[in-house]
Amino acid sequence: MSQTAIIGAGVMGETLLSGLVRAGRRVDHLLVGEKRPERAQELEERYGVAVVGNVEAATKADTVALVVKPQDMGEVLEEIAGALRPGQLVVSLAAGITTAFIESRVPDGVAVVRVMPNTPALVDEGMAAISPGSHCSEEQLGEAEALMGSVGKVVRIPERQQDAVTAISGSGPAYIFFVVESMIEAGVHLGLPRTTATELVIQTLVGSGKMLRETGTHPTVLREQVTSPGGTTAAALRELEVHKVRAAFLAAMEAARDRSRALAEGS
Ligand SMILES: NC(=O)C1=CN([C@@H]2O[C@H](COP(=O)(O)OP(=O)(O)OC[C@H]3O[C@@H](n4cnc5c(N)ncnc54)[C@H](OP(=O)(O)O)[C@@H]3O)[C@@H](O)[C@H]2O)C=CC1
Ligand SMILES: O=C(O)[C@@H]1CCC=N1
């Protein structure tokens with residue numbers, strides 16, 4: 001089995017690491033590059049994985065997953081470029097960073113795949129979109145697909161769609177949690193105990209998600225089925241339209257897409 005290194009084990013890096021361990025990947029086939037000693041010790045204790053320097057991780061691994069912030073990507077690539085060799089696969093999970101950015105900083109013959117994952121990977125319900133760089137073979141793209149497939153669903157997309165994907169599924173869990181928070185607070189405002197409001201909202205979310213996935217019915221139809229003529233749902237939806245929630249979602253996701261583009265330019 002080949003060696004996989006994860007450089008940058010924060011929220012997303014640890015999510016990937018934990019998923020690979022859950023999926024049965026042997027920890028002696030995993031390496032983590034992490035610079036803070038206390039974090040390194042925490043990860044070693046939690047997963048039994050070897051935490052090493054970035055250069056050692058890049059040298060020993062066949063696949064190197066880069067999960068540092070976009071702003072740290074240039075520095076990390078400069079550090080590990082000398083350790084990389086043709087035939088290795090670099091998989092970047094960073095928002096905004098293009099395969100061209102990485103390819104221009106690593107030796108010729110190193111394959112690059114850009115991935116936009118999301119945090120539900122922590123419960124094996126991730127959504128990842130992957131795009132190959134300019135000299136990535138089908139086999140190497142398949143390796144990246146298998147890597148992300150161990151923690152959820154994977155789709156292949158043209159790289160030009162990655163900023164939009166980042167705005168939708170990459171950042172998406174945060175919008176959903178924001179809606180959940182808002183509904184719980186509303187329930188408390190209406191006089192429900194917080195624990196009751198929380199249970200109601202979470203089960204409503206899970207049930208609605210399951211309906212979407214399992215029935216394959218369009219969300220508009222599912223919404224119409226809830227909306228009895230002259231009833232409570234119609235009254236609520238009217239307020240959401242009055243408060244321009246649909247327009248707010250569009251503006252929010254345009255902002256996320258634009259931020260992803262800006263990250264590519266180093267800002
Ligand atoms: N969080 C999310 O939902 C998603 C994140 N991503 C992408 O994942 C990447 C990481 O994001 P996230 O996990 O949220 O951020 P975090 O800040 O939680 O994680 C970044 C990690 O990188 C480490 N790091 C920084 N510099 C180095 C270095 N030189 N060598 C090794 N490790 C280093 C940090 O260590 P330290 O704390 O010690 O600085 C930290 O542990 C980003 O590029 C982001 O765009 C993509 C999709 C979803
Ligand atoms: O907020 C961010 O920049 C990262 C990328 C997508 C989700 N989190």
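This is a predicted model: local features need pLDDT of at least 70, side-chain atom pairs count only at pLDDT 80 or more; totals for chains, interfaces and linings use all residues.
First, the overall picture. The protein chain has twelve helices and eight strands; helices (H or I, at least four residues) and strands (E, at least two) are DSSP runs, numbered from the N terminus. The C-alpha trace spans about 65 × 40 × 35 Å along its principal axes. Of the 267 residues, 32% are buried. Here "buried" means that 20 or more other C-beta atoms lie within 10 Å of a residue's own, "exposed" means 12 or fewer, and "partly exposed" is in between, with C-beta atoms placed from the backbone. As for contacts (C-beta atoms, placed from the backbone, within 7 Å), 66% of those with a separation of 6 or more link residues 24 or more positions apart.

Back to H1, which covers residues 11-22. Its buried residues are Met12, Gly13, Glu14, Thr15, Leu16, Leu17, Gly19 and Leu20. What covers them includes strands E1 (4-7), E2 (30-33) and E4 (63-66), along with helix H2 (37-47). Just after H1, Gly24 takes a positive phi of about 95 degrees.

Now for the strands. Two strands pair if DSSP finds at least two bridges between them. E1 and E4 run parallel and are joined by four bridges, with Ile6 partnered by Ala65 in E4. E4 is also parallel to E5, again through four bridges, and here Thr63 has Leu89 as its partner. In a regular strand the side chains alternate between the two faces of the sheet. In E4, Thr63 and Ala65 point one way and Val64 and Leu66 the other, and all are buried.

Moving along, E5 (residues 89-92) is joined to E6 by four bridges, and the two run parallel; Ser92 pairs with Arg114. On to the next partner: E6 and E7 (residues 126-132) run antiparallel and share four bridges, with Val115 standing opposite Ile130. Six of the six residues of E6 (residues 111-116) are buried, so this strand is largely enclosed by the rest of the structure. Both of its faces are covered, with Ala111, Val113 and Val115 buried on one side and Val112, Arg114 and Met116 buried on the other.

In soluble globular proteins, nonpolar side chains tend to be buried together. A nonpolar core is a set of buried Ala, Val, Leu, Ile, Met, Phe, Trp, Tyr and Cys residues joined through C-beta atoms within 7 Å. The largest one here has 54 residues, and Ile7, Ala65 and Leu66 have the most contacts inside it. E6 provides the largest share of this core, five residues. Leaving aside residues up to four places away in sequence, Leu66 touches Ile7, Gly8, Met73, Val76, Val90, Ser92, Leu93 and Ala94.

Next come the ligands, where a residue is near a molecule if its C-beta atom, placed from the backbone, lies within 6 Å of it. Ligand 1 has 28 residues around it, and Gly8, Gly10, Met12, Ala94 and Ala95 come nearest. H1 gives the most to this shell, with three residues, and helix H4 (73-80) supplies at least two. The shell divides into 13 nonpolar, eight polar and seven charged residues. In this count Ala, Val, Leu, Ile, Met, Phe, Trp, Tyr, Cys and Pro are nonpolar, Asp, Glu, Lys and Arg are charged, and the others, Gly among them, are polar. Around ligand 2 sit Ala95, Thr166, Gly170 and Ser171, that is, one nonpolar, three polar and no charged.

Lys244, in the loop between H11 and H12 (245-264), has a positive phi near 55 degrees without being a glycine. With 11 C-beta neighbours inside 10 Å, Lys244 counts as exposed. Asp124, in the loop between E6 and E7, also is not a glycine and has a positive phi of about 60 degrees. Its 14 C-beta neighbours inside 10 Å make Asp124 partly exposed.

Terms used: Residues are numbered from 1 along each chain as its sequence is written. Chains are lettered from A and ligands numbered from 1 in the order in which they are written. Two residues are in contact if their C-beta atoms, placed from the backbone, lie within 7 Å.
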